Amino acid sequence: MTDTSPAPLGRRRVLIAGSAAAAAIGIGAGAAATRPEASATGATDMAPAANAICTLTKQLTEGPYYLDHALVRADVSEDKQGVPLELVLPVVDKDTCAPLNKTLVEIWYCDALGEYSGFVGNNGHDEPDNGKFLRGGVLTGTDGVAKIKGIYPGWYRGRCIHIHIKVHTGVTLTADGSFTGGNEIHTGQLFFSETITQAVARLAPYSTNTVPRTPLSSDGIYGNGGTAAGLMAVTALGSTPSAGYRGTLTLGIDADA
């Protein structure tokens, strides 16, 4: 099943700040050296935040696989096998690129076989389904950064590899590990360099996914390239693809819209 539902309307505009903002709040410090296949943007020079230019990003379809579990947790992988993935997602004010505190960043995506929790079997694979794997979110701190661990996504029919994302403000955390209330201000998707995906796809369990993979260039939702469409800057965590990756994208919100 592909994500073909219309993009959400009526939400505040959300903008992406360039890598300058990420540098200003210390993103990527101490990261492993990038291998040739580990760069999604090709740009490494970073200017001060004062010179950052924030450009409008796209609202992208929520798709058919969202579940309103409101799970709050920094590791969404549970027992899923795959290449380790760390997401570093700063949220900043689009005018000043200053980090925003107490913003809930929520993600959900499919496992190595292209199956979403709560919908296992839709991609033709039989596996246990607890309705929760690879779903959850975290609240940003004073540095504005949301850090979430999981595994590199797999793929399902008709879509390139991606991660769904929502950004909420004004939520209340509850004792049972979830959140309530707040405002949903952005729905989008995160994307990966095709070169990195090719390296990961050769590894188990991704290599056992029986569904043909759609490349980034043929995806009907990704559209134009660059950070405005959700393409992350990706850094290798080790010397081989199996060691994993860190993906970074800075989201800036238009609080006055």
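This is a short chat about a predicted protein model.

Biologist: What should I know about the model before I start?

Modeller: It is a predicted model, where local features need pLDDT of at least 70, side-chain atom pairs count only at pLDDT 80 or more, and totals for chains, interfaces and linings use all residues. Residues are numbered from 1 along each chain as its sequence is written, and side-chain values use heavy atoms, with hydrogens and water left out.

Biologist: How many helices and strands does the protein have?

Modeller: Two helices and 13 strands. Both kinds are DSSP runs, numbered from the N terminus: helices are H or I with at least four residues, strands are E with at least two.

Biologist: And what share of the residues is buried?

Modeller: Of the 257 residues, 51% count as buried. Buried means under 20% relative accessible area, exposed means over 50%, and partly exposed is in between, with a 1.4 Å probe and protein chains only.

Biologist: What about the surface?

Modeller: The accessible surface comes to about 10700 Å². Carbon and sulfur atoms hold 52% of that. The areas come from the Shrake-Rupley method with a 1.4 Å probe; for residues, only the protein chains shown count as cover.

Biologist: Switching to sheets. What is the strand order in the open sheet of four strands?

Modeller: The order is β5-β4-β7-β10, with antiparallel pairing. Two strands pair if DSSP finds at least two bridges between them.

Biologist: Which strands stand at the edges?

Modeller: β5 and β10 (183–191). Each has a single partner strand, so one side of each is left without a neighbour in the sheet.

Biologist: How many bridges join β4 to β7?

Modeller: Six, and the two strands run antiparallel. β7 covers residues 162–169. Glu-106 stands opposite Lys-166 in β7.

Biologist: Now charges. How many salt bridges are in the whole structure?

Modeller: A search finds eight. A salt bridge here is a side-chain nitrogen of Lys or Arg within 4 Å of a carboxyl oxygen of Asp or Glu.

Biologist: Which residue forms a salt bridge with Lys-80?

Modeller: Asp-111, with the closest N and O atoms 3.0 Å apart. The pair links distant parts of the chain, 31 residues apart. Lys-80 is in the loop between β2 and β3, and Asp-111 is in the loop between β4 (103–108) and β5 (135–139).

Biologist: Is Asp-111 buried or exposed?

Modeller: Buried, at 3% relative accessible area. Lys-80 counts as buried too, at 16%.

Biologist: What does Arg-213 pair with?

Modeller: Glu-194, with the closest N and O atoms 2.7 Å apart. Arg-213 lies in the loop between α2 (194–201) and β11 (233–236), and Glu-194 lies in helix α2, so the pair ties together parts that are 19 residues apart in sequence. Arg-213 is partly exposed, at 27%. There is also a network: salt bridges that share partners join Glu-62, Lys-166 and Glu-184.

Biologist: Back to the loop between β2 and β3. Where does Glu-78 come in?

Modeller: Glu-78 is in that loop. Its side chain meets that of Arg-73 in a salt bridge, 2.6 Å from N to O. Glu-78 is partly exposed, at 36%. Its phi is near 50°, a positive value in a residue other than glycine.

Biologist: Which other residue there has a positive phi?

Modeller: Ala-70, at about 55°, although it is not a glycine. Ala-70 is in the loop between β2 and β3. It counts as buried, at 8% relative accessibility.

Biologist: And what does Ser-77 touch?

Modeller: Leaving aside neighbours within four places in sequence, Ser-77 is in contact with Leu-134, Lys-149, Gly-150 and Ile-151. Contact means heavy atoms within 4.5 Å. Ser-77 is buried, at 12%.

Biologist: On to the inside. Which residues touch the most other members of the largest nonpolar core?

Modeller: Tyr-152 and Tyr-245, in a core of 37 residues. A nonpolar core is a set of buried Ala, Val, Leu, Ile, Met, Phe, Trp, Tyr and Cys residues joined through side-chain atoms within 4.5 Å. Elements giving two or more residues to this core include β3, β4, α2 and β11.

Biologist: Where is the cis peptide bond?

Modeller: From Ala-204 to Pro-205, with omega near 5°. Pro-205 is in the loop between α2 and β11.
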